[in-house]
Each structure stands twice: as C-alpha cells, then as structure tokens.
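Student: I would like to learn how to read a structure like this one. Please show it first.

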Amino acid sequence: MKVRYVVCGVGALFAVSCGRSPQTVPVPQSQLEANRPEKPADETRLTEAVAKQFVSSAETGVPIPLDQYTSMTDSAAAILASANSPLFLKGLTSLTDSSASALGKHKGELVFRNLTTLPDSAARGLEGHEGALERNRLTTLTPECARSLATVNGPLYLKGLQTISDDAAKELQ
C-alpha cells in the first residue's frame, strides 16, 4: 500500500493512504531533536553549519525552519542552493549579491518575506531562477530589477509592491 506523508505541524505527520481515512502519525522526539539546528554564535545569522543541517534534514522530509535568520553567509547560500526543498527564508532582511547569485541556482520555491529592498545587482543574481519566487515586502521596483525578475522560470509574487513605474511594468510583461 502506498502511503504519502504530509507535514502538518510540529511533532506530527499526516498519513494519507489510498482509500483509507487519514491518520496522524507521531514523530519520535529523538527525530525532532535531531532536526533542530545548532545555535550559531550570532543567532540571527544563517551559517554554513545551519545550512548543512537544513539540507540534511530536508532529505529526511522534515526540514528545520529557517525563518528566524535575518542574514546569511555567502557559503550558507551556496549550500542551501543544493537543497531539494523549497527555501523559506522569510526572516532575511538583506541579501548580498553573492548570496543572490548562489540562491538563483536553486531549483524550487524561494520565499523572501522581509526583504524590503532588492538592489539591481542582487536581482541580476536571481535571473533565470527555476521555481516560484516570492518577495512580499518589496515596495518599489526599478526597471532594471524588473528586467532581471522577469527571467524567473516560475511564478513571481510581489504582493507588497506599492509603486511601479511604467518602464518597470513593461519589463515584467
């Protein structure tokens, strides 16, 4: 019998099997503990060690959360780009050009909820990204940035956009 597991909360999986009622399957406490990231010296900076833990935990189907990190090292971005999992980097408030270039190679969903600005040079690093790209707090968009984001091979979400010039709008078409 084929069973598909869907993560539906901390400490539980939702098991769905063909023709049967769904059931909750508890995750052993030891597995939850093993998937918790080590606390880095600067608890808001996503480091190479945390990125490696994320990639490893994503392979088990229970990736560690990354929402608490407001910045990351360029080497961490390069490691995260190899993950076969969506990257929810909701806490990031800044993104270097090198990190953007590394993450632009990731194949899958990229979510940045707290980046209010995106320099044109960083946007160039995301050109050609394969997968959804979500930028919910970006309030303005330059034509150059729009040109780069228009090359994303997947849905582009810019929910926080408040103003956009005619030139930038044309670039997104």
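Student: What percentage of the 173 residues in the chain is buried?

Tutor: Buried means under 20% relative accessible area, exposed over 50%, and partly exposed in between, with a 1.4 Å probe and protein chains only. In this chain, buried residues make up 39% of the 173. This is a predicted model, in which local features need pLDDT of at least 70, side-chain atom pairs count only at pLDDT 80 or more, and totals for chains, interfaces and linings use all residues. Residues are numbered from 1 along each chain as its sequence is written, and side-chain values use heavy atoms, with hydrogens and water left out.

Student: Where in the chain is confidence lowest, and where is it highest?

Tutor: pLDDT is the predictor's confidence in each residue, from 0 to 100. Helices (H or I, at least four residues) and strands (E, at least two) are DSSP runs, numbered from the N terminus. Strand E1 (residues 3-9) has the lowest confidence, at a mean of 34, and H3 the highest, at 98. Over residues 1-25, pLDDT stays under 50. Where pLDDT is low, the predicted coordinates should not be read in detail.

Student: Which residues have the most contacts inside the largest nonpolar core?

Tutor: A nonpolar core is a set of buried Ala, Val, Leu, Ile, Met, Phe, Trp, Tyr and Cys residues joined through side-chain atoms within 4.5 Å. The largest here has 38 residues, and Leu46, Phe54, Leu66, Leu80, Leu89, Leu103 and Phe112 have the most contacts inside it. Helix H2 gives the most to this core, with five residues.

Student: What is Leu80 in contact with?

Tutor: Contact means heavy atoms within 4.5 Å. Leaving aside neighbours within four places in sequence, the partners of Leu80 include Leu46, Phe54, Met72 and His106.
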